[in-house]
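These are my notes from going through one model. I wanted an overview of a chain, then a helix contact, then the aromatic rings.

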Amino acid sequence: LVPDIRELIEVDDVMEDDSLRFGPNGGLVFCMEYFANNFNWLEESLGHVEDDYILFDCPGQIELYTHLPVMKQLVEQLQQWEFRVCGVFLVDSQFMVESFKFISGILAALSAMISLEIPQINIMTKMDLLSKKAKKEIEKYLDPDMYSMIEDSTNILKSKMFKKLTKSICGLIDDYGMVRFLPFDRSDEESMNIVLQHIDFTIQYGEDLEFKEPKEYEEDKSALVDEYFQDHVDE
Amino acid sequence: LPSPANIDIRDTVKYKEVMKQYGLGPNGGIVTSLNLFATRFDQVMKFIEKRQNASKYVIIDTPGQIEVFTWSASGTIITEALASSFPSVVVYVMDTSRSTNPITFMSNMLYACSILYKTKLPFIVVMNKTDIIDHSFAVEWMQDFETFQDALNQETSYVSNLTRSMSLVLDEFYSSLKVVGVSAVLGTGLEDFFVQLSKAVDEYER
């Protein structure tokens, strides 16, 4: 019972259409806008949902979030349908092992977070694929006092150009739990539970922001999770 | 700036054929094409080395979907190969007309910052399409924290203390940036661009 957008519209078809003549980017944009104009299709495809988590697997291109209103429209529509919406930002942990890359990941997550204006959880995936050494490295960055934990063999991070900026970013991460990354290991049930708990908590948090009658909605707790920025590791 | 490409990836890798051969969707097609190109990249490096005396600058146009380049192993390989041999500068091109919303602007800048940390190279932000809209609003936002905050507060109340803290982070970011406004269509702003580019090269050399 999984609605597939390809039942509504496909990028290939759009690209092959002679009257439109789009490349891969244009085709993608067209499909997204088409989707946004046909939310009734989504409503029908979702059918009756109660107390379920619904995951939306979303495209990874940030331009779709920053330059198009489509995702925001989707979020607003879902909220109108009384879903609680939470964003889940995924980054392959292999891309986060070095201190620079880790900070880069945090910034990308922040970039996404403010675009959609919904509560967001950041997750590092595929932790099971990391070596022991890599895992230890990452654990350092999950430490509350991040700046002092950052080591940098190239000495660039604490160089003139980067020092103040790095310090202010680390301060931000330390101050705001929302900005942190949670480790996710598919083979470890506990890590999955922790992530799920965070999502539940975040959805409640979202509830506080938007709904003023929390008790009444306790039973009708249809929760919805947007899953996006899924990184595809090169095979 | 009408210039034909000296090296066209389409000579080496054909996107649609890659999709067919490997049974991939459009994203997979782009990523795999880039991967295949990366394996041949040493040829590009040799080409650049040969032409060093003939051309002052080499411009590399990356795929329109930025993640493909910035968050892939191939993109990283290509960037690091170039940066370790030649002075390299990242040129981040923004569509000015689509950045007038302070939220979009902030999101864009945070993403630019994320790329700065990934590449660790000197950075120039190019605000394109100044023929449609002048980029002075952006410059003002970058120079005056309070005007940006005011604009942002009018748009959203989303976790406002967090966004305020993020603006402060960006403030730091801006001081390490060079910004130029251009119009590719009209060809304006390019002189300034090359001036900033030279400064960026100096930065690299330090």
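I began with the secondary structure of chain A and found ten helices and five strands. The model is predicted, and I read every entry below with that in mind.

Next I looked up burial in chain A. Of its 235 residues, 48% are buried.

I moved to chain B for a helix pair. At what angle do the axes of α9(B) and α10(B) cross? Helix α9 of chain B covers residues 145–155 and helix α10 of chain B covers residues 160–175. Their axes come within 11 Å and cross at roughly 145°. I noted the crossing as right-handed.

I listed the residues that make this contact. From α9(B) they are Phe145(B), Glu146(B), Phe148(B), Gln149(B) and Leu152(B). From α10(B) they are Thr163(B), Arg164(B), Ser167(B), Leu168(B) and Asp171(B).

Then the aromatic rings. I searched the whole structure and got eleven aromatic pairs over all chains. I wrote down two numbers per pair, because a pair of aromatic rings is described by the distance of the centres and the angle of the planes.

One of the pairs is Phe35(A) with Phe39(A), which is edge-to-face. I have 5.4 Å centre to centre and 85° between the planes for it. Phe35(A) and Phe39(A) are both buried.

Another pair is Phe105(B) with Phe148(B), and this one is tilted, at 6.1 Å centre to centre and 55° between the planes. Which parts of chain B does the pair tie together? Phe105(B) lies in helix α7 (residues 102–119) of chain B and Phe148(B) in helix α9 of chain B, so the pair links parts 43 residues apart in sequence. Phe148(B) is also among the residues by which α9(B) contacts α10(B).

I checked burial for both rings of this pair. Phe105(B) has a relative accessible area of 0% and is therefore buried. Phe148(B) has 3%, so I count Phe148(B) as buried too.

My last entry is a cluster. Tyr92(B), Phe123(B), Phe173(B) and Tyr174(B) form one aromatic cluster.

Definitions and conventions
Residues numbered from 1 in each chain as written. Chains lettered and ligands numbered in written order. Predicted model: local features only at pLDDT ≥ 70, side-chain atom pairs only at ≥ 80, totals over all residues. Heavy atoms only, no water. Axes fitted to C-alpha atoms, helices over the stretch in contact; angles between N-to-C directions. Helix = DSSP H or I, 4+ residues; strand = E, 2+ residues; numbered from the N terminus. Left-handed = near helix turned anticlockwise from the far one by under 90°. Contact = heavy atoms within 4.5 Å. Buried < 20%, exposed > 50% of the residue type's maximum accessible area, 1.4 Å probe, protein only. Phe/Tyr/Trp six-rings, centres within 6.5 Å; stacked < 30°, edge-to-face > 60°.
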